[in-house]
Amino acid sequence: MRLNLKRTIAAAIGTVLLFGTASAFAFPPKPTPIEPSYASERASKLLSEIRAENVALRVSAETLESFSGQQQPSWRTHAAHLEQVKAHINEVGIRTAELQQIRDRALPWQQQAITEVTSHAARVATSTQAALVYLNENQSHLFAPEYANHLTNIADSSRSMHQSVSKFLDFERTQQRLQRLQAELELAPD
């Protein structure tokens with residue numbers, strides 16, 4: 001009897017806690033407005049972090065790509081490199097998710113960069129997932145064209161992402177240099 005009473009009380013407390021917190025989920029707080037200057041600075045920082053993460057991603061991706069067409073290492077080696085790619089693309093994914101949140105307050109060139117980087121990252125993620133699934137199901141068929149295509153897509157998309165983000169960050173540096181020169185020469189901007 002005493003045991004049933006304890007269970008009933010515990011269940012009642014759990015129900016109250018569940019329903020008490022449910023209203024917080026039903027009505028999440030409104031996001032605080034982000035200042036455009038903060039959004040622009042944050043977007044540039046995130047793009048720089050993505051480029052840095054992409055360097056390590058490309059090393060793993062290009063190593064995987066080099067495995068196709070030659071005497072291949074074991075499936076465990078493939079799996080280890082795919083896991084590295086997965087870890088790097090997940091880090092890129094965290095940053096692109098934050099970029100998506102501030103996208104509307106970012107500068108137009110940053111909005112375009114966010115779109116392109118997100119697209120490249122999605123292709124890397126999709127190909128990585130497909131390669132992992134293939135590898136788990138076909139550990140002894142590492143010469144198959146389907147698997148080689150996944151590895152090539154991972155490498156190509158990671159290279160494209162790097163080139164894209166680098167061009168946008170170069171554009172930003174060029175704009176900043178132009179603004180400094182205009183200020184030094186006391187020229188009015190266009």
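This is a predicted model: local features need pLDDT of at least 70, side-chain atom pairs count only at pLDDT 80 or more; totals for chains, interfaces and linings use all residues.

**Helix α5 and its neighbours**

Tutor: The crossing of α3 and α5 is left-handed. Helix α3 covers residues 75–102. Its axis and that of α5 lie 13 Å apart, at an angle of about 35 degrees.

Look at the side chains next. On the α3 side, the meeting residues are His 78, Leu 82, Val 85, Ile 89 and Val 92. On the α5 side, they are Tyr 147, Leu 151, Ile 154 and Met 161. By class, this contact holds 8 nonpolar residues, 1 polar residue and no charged ones. The spacing deserves a remark. An α-helix has 3.6 residues a turn, so residues three or four places apart point the same way. Check the numbering of Leu 82, Val 85, Ile 89 and Val 92 in α3 against that.

Now turn to the other partner, α4. Helix α4 spans residues 108–137, and α5 spans residues 145–185. Their axes come within 9 Å and cross at roughly 160 degrees. Angles over 145 degrees count as roughly antiparallel, so α4 is roughly antiparallel to α5. The crossing of α4 past α5 is left-handed. The residues of this contact divide into 15 nonpolar, 12 polar and 4 charged.

Is Ser 158 buried or exposed? Its relative accessible area is 0%, which means Ser 158 is buried. What does Ser 158 touch, leaving aside residues up to four places away in sequence? The list is Asn 54, Leu 57, Arg 58, Ala 61 and Val 124. Val 124 falls within residues 108–137, the range of α4.

Consider the helix itself. α5 has 41 residues. From its first C-alpha to its last, α5 reaches 59 Å, close to the 60 Å expected at 1.5 Å a residue. After α5 comes Glu 186. The phi of Glu 186 is positive, near 55 degrees.

The chain has 5 helices and 0 strands. Along the sequence, the pattern reads α-α-α-α-α. Of its 190 residues, 33% count as buried. Among contacts with a separation of 6 or more, 78% come from residues 24 or more positions apart.

Methods: Residues are numbered from 1 along each chain as its sequence is written. Side-chain values use heavy atoms; hydrogens and water are left out. Axes are lines fitted to C-alpha atoms, for helices over the stretch in contact, and angles run from 0 to 180 degrees between N-to-C directions. Helices (H or I, at least four residues) and strands (E, at least two) are DSSP runs, numbered from the N terminus. Angles under 35 degrees count as roughly parallel, over 145 as roughly antiparallel, 65 to 115 as roughly perpendicular and the rest as oblique. A crossing is left-handed if the near helix is turned anticlockwise from the far one by less than a right angle, and right-handed if clockwise. Ala, Val, Leu, Ile, Met, Phe, Trp, Tyr, Cys and Pro count as nonpolar, Asp, Glu, Lys and Arg as charged, and the others, Gly among them, as polar. The expected span of a helix is 1.5 Å times one less than its number of residues. Buried means under 20% relative accessible area, exposed over 50%, partly exposed in between (1.4 Å probe, protein chains only). Contact means heavy atoms within 4.5 Å.
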